[in-house]
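User: Hi! I'm new to reading protein models. Could you walk me through this one with a few questions and answers?

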Amino acid sequence: MSSKLRSESLNYQKMVHSLCLVFFICIWFPLKTACNQDKTTEEENIVPLLKDFKIILSPGLINITWNCNITKSMEAYYYKVNLQKGHRVTLNVSTYTYIYKIPEKIEFTIHKGLSAQLLVFKSKNIVYRGETIIYMPEGKNNSAAENFACMIYNVYIMNCSWTVGKEAPEDTQYSLVLRQENVFIKCQDYRTDSFGRQVGCVLNRPNITFKFKVYVEVLGLSNQTSIQFFDHLYEPIHDVILDPPRNITLTYNSDELEIKWQKPETHDKIEETCFMYSIRIKHKGGIDIEETNEYVYKTAKFHQNEKLSVTMGAKWQDCSNYQEWSTWSEPHTIGYDSAELTLYHILTVLGVGTAIILILILFLCYRFRIWKKLFPQVPRPSLKLFYQVEQKEKSEQSKSVVEIPFMKKDEDEFICSYVTEIPENL
């Protein structure tokens with residue numbers, strides 16, 4: 001009996017020990033987790049942060065700076081900055097600045113501000129996540145240029161325009177700069193408003209490619225306050241107004257009218273698949289309009305001698321966001337109108353016939369002296385009779401005039417006179 005009690009006592013003790021072990025395990029794990037959390041919180045509280053951390057925005061540049069006094073404890077951490085649109089920058093804490101260039105490293109604009117968040121890593125874990133801060137460029141708010149837009153036409157002319165900022169002083173003057181890789185272009189031909197402020201620029205044959213992105217800066221200056229800058233990053237090809245197709249030819253092959261052309265002239269070499277064409281055929285029955293992305297169009301709808309007038313336009317198909325049609329080309333004609341051709345022949349025959357008749361009349365008048373017979377000349381008087389009458393008049397006049405010599409009186413007066421004989425018949 002005693003042995004039985006002893007075995008039961010041993011079993012009871014084992015059961016108690018098992019329960020105590022389970023209870024200890026249940027208590028130990030939560031305590032350990034809580035201790036680890038407290039330890040992590042303590043570590044986060046003592047994470048060494050960058051002092052005097054700030055971001056300065058300039059046209060095309062993001063300048064991140066901090067205090068260069070780096071402690072030894074900071075060497076165990078990694079510092080990164082989250083920028084907008086998912087861009088993350090890794091900082092080298094041994095230096096005191098980091099410069100980010102637009103668009104070489106990032107492709108977004110910053111004139112409306114830049115959001116940034118400081119992150120601290122230890123190994124691969126984030127131990128500190130800072131507050132997201134919006135950094136603004138220097139200058140008076142709402143003083144930057146607004147409503148910026150550019151259009152490209154006549155292949156090589158780039159016309160940009162903008163409006164004055166709402167809060168910009170009256171003496172604000174803006175200037176335009178384009179940057180593409182190593183190309184740096186300043187505007188030389190500005191347009192001004194009624195106050196003399198520069199609000200537009202015309203660039204003729206800019207040394208840039210329209211297929212790649214261009215970074216645009218519109219800088220402002222004023223004697224009253226600092227002016228915020230405006231920046232814009234875009235591909236000019238999305239603002240190109242096409243010219244009409246070139247070298248349009250119309251020919252008849254058998255019974256088909258064949259229209260051929262070449263793609264519009266462009267600043268850069270553009271693939272032929274980038275264009276859509278509209279063909280407007282004017283004929284006696286009306287106007288037909290067809291669209292195609294090919295470089296030849298054939299139709300058997302028209303008679304070979306029928307007069308046709310063809311004009312064409314072009315637009316971008318997939319390579320640009322600009323979807324307006326170009327202007328129409330000069331009309332190209334083929335065939336003829338029978339009514340117009342008959343009138344032309346009539347006028348030609350009338351003109352040639354009239355010329356022949358005039359020539360024949362002149363020849364006959366000259367040959368048979370018809371002109372002299374119709375308009376006889378008045379006979380001229382004889383010159384001999386004229387001379388005889390003239391000599392007779394001179395002799396009669398000399399006889400009728402007698403010269404009286406000068407007479408001298410005692411008073412030394414001289415009298416000169418002529419005595420004219422009076423005819424007897426008076």
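User: Which residues form one aromatic cluster?

Analyst: Keep in mind as we go that this is a predicted model. The structure holds seven aromatic pairs. One aromatic cluster is formed by Trp 261, Phe 275, Tyr 277, Tyr 295 and Trp 316.

User: How far is the charged end of Arg 205 from the centre of the ring of Tyr 156?

Analyst: A charge counts as sitting over a ring if CZ of Arg is within 6 Å of the ring centre and within 35 degrees of the ring normal. Arg 280 is placed over the face of Trp 328, 4.4 Å from the ring centre. For Arg 205 over the ring of Tyr 156, the distance to the centre is 3.8 Å.

User: Which residue in strand 14 is the bridge partner of Arg 191?

Analyst: Strand 13 pairs with strand 14 (residues 198-204) in the antiparallel sense, over three bridges. The partner of Arg 191 in strand 14 is Gly 200.

User: Which helix gives the most to the nonpolar patch?

Analyst: The patch lies on the surface and is formed by Leu 360, Phe 363, Leu 364 and Ile 370, with about 350 Å² of accessible area together. Leu 360 is found in helix 2. With three residues, the most is given by helix 2 (residues 338-367).

Technical notes:
Residues are numbered from 1 along each chain as its sequence is written. This is a predicted model: local features need pLDDT of at least 70, side-chain atom pairs count only at pLDDT 80 or more; totals for chains, interfaces and linings use all residues. Side-chain values use heavy atoms; hydrogens and water are left out. Rings of Phe, Tyr and Trp (its six-membered ring) pair if their centres lie within 6.5 Å; planes under 30 degrees apart count as stacked, over 60 as edge-to-face and the rest as tilted. Patches are made of residues with over 30% relative accessible area and no salt bridge: like charges are joined within 9 Å, nonpolar side chains (Val, Leu, Ile, Met, Phe, Trp, Tyr) within 5 Å. Accessible areas come from the Shrake-Rupley method with a 1.4 Å probe; for residues, only the protein chains shown count as cover. A salt bridge is a side-chain nitrogen of Lys or Arg within 4 Å of a carboxyl oxygen of Asp or Glu. Helices (H or I, at least four residues) and strands (E, at least two) are DSSP runs, numbered from the N terminus. Two strands pair if DSSP finds at least two bridges between them.
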